[in-house]
Amino acid sequence: MTSHTSLLTLTDVTAGYGAGLVLKGVNLTVEKGQIVCVIGPNGSGKSTVLKTISGLLGIKGGSVLFNGEEISGMTSRRRLDLGIVHVPQDRSLFPGMTVRENMMMGAFILTDHKIIEERMAKATELYPIVKERSGALAGSLSGGEQKQVEVARSLMLDPSLILLDEPSIGLDPKSRKLVFESIKALAKDGRTILLVEQNARSGLAVSSMGAVLEAGKVALTGKGSELLDDPEVARLYLGAKAK
Amino acid sequence: MSALLKIENVVKRFGGITAVNGCSFEVAEGSVTALIGPNGSGKTTAFNIITGYLKADSGTIEFDGKKIAKPTPASLYRAGLSRTFQQARIFPELTVLENLVISSSFDWKQLLGLRVTAADRARAMITLEEFRLDKLHDLRAGDLSYGQRKLLEFASVLMSNPKLVLLDEPTAGVNPVMIETMEKHIRARNKAGVTFLVVEHDMQLVMRLCDPVIVLDHGSKIAEGVPEAVQSNPQVLEAYLGS
């Protein structure tokens, strides 16, 4: 029997802020090259799951394996080196720096300028706004524009696992299409993507797998298309009117 | 129907960028008017000017038949104009319940003493229950998730007694099922006479709920009409919806 190592395996993960637990035993497996979309009600722990993987939040129990290696004790910085990047939900650009400077900050652990420029060019291909607004202060961009730069910035470290917390939030319909298309392109490029989305239908539509988080536990997993077609999932999580 | 809000030739520049460029539109009393447009088209800037958070370089704003010479958020709120923000603004150190009660009161003694009357409490709890926040009523509001904060801010606006409510991307980061709850509340308040101006990228919601729809691009109005007409307007397709 050949042993198979998944890219990411969360087993019985518990975590929280202060005394209470937000995650109450999360089990989730992500294979290399997959796009996995986590959906669920507000406050069910979706963002917290991403934080335990990137190291922004420590876990209280369970394990987080990345390429078979336990990473839950590692610092966020160490996890960056392993190729895990996290685009959080709240705005994270430096508003007083230009778009280009923000992109450079995304590459702060790199020293080779040739590599930095190459990656900048690649990110620009997917997100033209990086070039169009290169010299503008990030704080002067609209909310939706900032979101695109944040996702573009995450590519500067050539990550193998990208954690995206609501990449489509605040985006106009045109930009939203662009973001979901770019997520597919990133996966084709060999990257693995774990995303949290309240635009659940769009998120599941581009995903190979979906997971429903409810009250700190994974209540259900399935192929993205299966979850989309499940009337119970629609009633509880996708909304009946949003088609 | 007469205009409750009238914006005329409003201009706002930030450095070299003209965010709002000679913008004029009206919001009819009793309507649910949508303000849509691409990221960076000036929607939030227009909101900030209308609600007194920014000062326009030129142009006039009329609310409830009166020109507002020196608008401030507080004086406008007292005059019956309230709003929500893209990044929900709540009182993080107050509890969820206190956040709601504070919005329903102009009585500063009550605010400072944080005396929650039984009637206020009962009314607030009904609203919280609908947004699945009732079990969290004693929690520090700053500990809520992003989406829960949006729901709390929305619920808070419902507690006040405004004539006009401006909603800035109310559904961003909100679970689709809760979006339907929001929609229900907007309809109910509208029926009771409250006028709404809504910035929103969820086009299905806009098409179901809003009439008329005003479209901004590059800081000025490019289209206005019933949802169906706007949706098929070639200029709007090009600028906003994408093909």
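**Close-up 1. Contact between chain B and chain A in the predicted model.** Here 31 residues of chain B are in contact with 30 residues of chain A. Four helices of chain B, namely α6, α7 (176–191), α8 (203–209) and α10 (234–241), each supply at least two residues of the side that touches chain A. The most comes from α7(B), with five residues. By class, this side of chain B holds 15 nonpolar, 12 polar and four charged residues.

**Close-up 2. Packing of helices α5 and α6 in chain B.** Helix α5 spans residues 118–130 of chain B, and helix α6 spans residues 146–159 of chain B. The two pack at an angle of about 140°. Their axes are 10 Å apart. The crossing of α5(B) past α6(B) is right-handed.

**Close-up 3. Residues where α5(B) meets α6(B).** From α5(B) come B:A124, B:T127 and B:L128. They meet B:A155, B:L158 and B:M159 of α6(B). Five of the residues in this contact are nonpolar and one is polar. None is charged. Helix α6 of chain B also supplies at least two residues of the side that touches chain A.

Close-up 4. A:L164 has 26 C-beta neighbours inside 10 Å, so A:L164 counts as buried; the cut-off is 20 or more. Leaving aside residues up to four places away in sequence, A:L164 touches A:V87, A:V151, A:I193 and A:L195. A:V22 lies 142 residues from A:L164 in sequence. Their C-alpha atoms are 19 Å apart in space.

Key: Residues numbered from 1 in each chain as written. Chains lettered and ligands numbered in written order. Predicted model: local features only at pLDDT ≥ 70, side-chain atom pairs only at ≥ 80, totals over all residues. Axes fitted to C-alpha atoms, helices over the stretch in contact; angles between N-to-C directions. Left-handed = near helix turned anticlockwise from the far one by under 90°. Contact = placed C-beta atoms within 7 Å. Nonpolar A, V, L, I, M, F, W, Y, C, P; charged D, E, K, R; others polar. Buried ≥ 20, exposed ≤ 12 C-beta atoms within 10 Å, placed from the backbone.
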